[in-house]
Amino acid sequence: MLAGIYSGCACLAVTVILLALQQLPSERSKARCGGCTRTSCSLRLLASTFLHLRDRRQLLLIPITMFSGLEQAFFASDYMQAFVTCPLGSWWVGYVAICYGVVDAICSASFGKLVQYFGRIPFFILGAAINVSLVIAFLTINVTQDRVYIYFVFAGLWGMADAVWQTQINALYGVLFIANGEAAFSNYRLFESIGFIMAFGYQSHLILPIKAYILLTFLCLGMAGYGILEYLERKNKDWHLNGTS
């Protein structure tokens, strides 16, 4: 029931944002919308959001964007239920969530600086490695009350991986789609929300291993798409450099 309420609110929120949210008056949006009404301008943004899917770069980013929503929902629902509430009790949920949030916030601020020195690729690999390792641990660990600290360690590591996805995917969209940022970020939020809806939609209908395998599948597809995207971007950059030299 809660999953249905969440899904309904998410769909309603997307509809309200697309049709009713007043856009920031950027120079690009002023030039594009001119004297149109807010509703017609929102409809133009909606149309440009779906037209943006013709860009193959956007298509390659869809799996990793959906994974971003899936992994957040997996932690909030499945991890908290199976690895905190059941073995420890519901009163531990807040403490574990605090640990997750603090690590996520610290790493988000740190990764934004460190990526300037190491580039995006090592951080994407780091996030993927953490998530894969934790999912494997979730599938093999015996849930027990003897080692309470391990659940905080898992939460902190998941927060570290989430910091990668929340900062680097956002930055990647901003770098790739400078000329069409509004449509690009609309797609980003759209597919991330679809990931949320999917995860909460099947949360009460599937067992934990199946949900973990779905998460890993989207992660693998997302990293494959990201790898292809990086290759194409570097190849395109080299082509331009050689053509102008």
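Leaving aside its neighbours within four places in sequence, with which residues is Asp104 in contact? Contact here means heavy atoms within 4.5 Å. The residues are Gly159, Asp162 and Ala163.

Before I continue, please note that this is a predicted model, in which local features need pLDDT of at least 70 and side-chain atom pairs count only at pLDDT 80 or more, while totals for chains, interfaces and linings use all residues. Residues are numbered from 1 along each chain as its sequence is written, and side-chain values use heavy atoms, leaving out hydrogens and water.

Asp104 belongs to helix H5 (residues 93-118); helices are DSSP runs (H or I, at least four residues), numbered from the N terminus. Asp104 is buried, that is, under 20% relative accessible area with a 1.4 Å probe, protein chains only. Asp104 has no salt bridge, defined as a side-chain nitrogen of Lys or Arg within 4 Å of a carboxyl oxygen of Asp or Glu. Arg189, the nearest side chain of opposite charge, is 12 Å away; Lys and Arg count as positive, Asp and Glu as negative, and His and the chain ends are not counted.

I turn now to the aromatic rings. The structure holds 20 aromatic pairs, meaning rings of Phe, Tyr and Trp (its six-membered ring) with centres within 6.5 Å; planes under 30 degrees apart are stacked, over 60 edge-to-face, and the rest tilted. One of these pairs, Phe124 with Tyr226, is stacked, at 3.9 Å centre to centre and 10° between the planes. Phe124 lies in helix H6 (residues 121-140) and Tyr226 in helix H9 (residues 208-244), so this pair ties together parts 102 residues apart in sequence. Phe124 counts as buried at 1% relative accessibility, and Tyr226 at 4%.

Note on methods: Helices (H or I, at least four residues) and strands (E, at least two) are DSSP runs, numbered from the N terminus. Buried means under 20% relative accessible area, exposed over 50%, partly exposed in between (1.4 Å probe, protein chains only).
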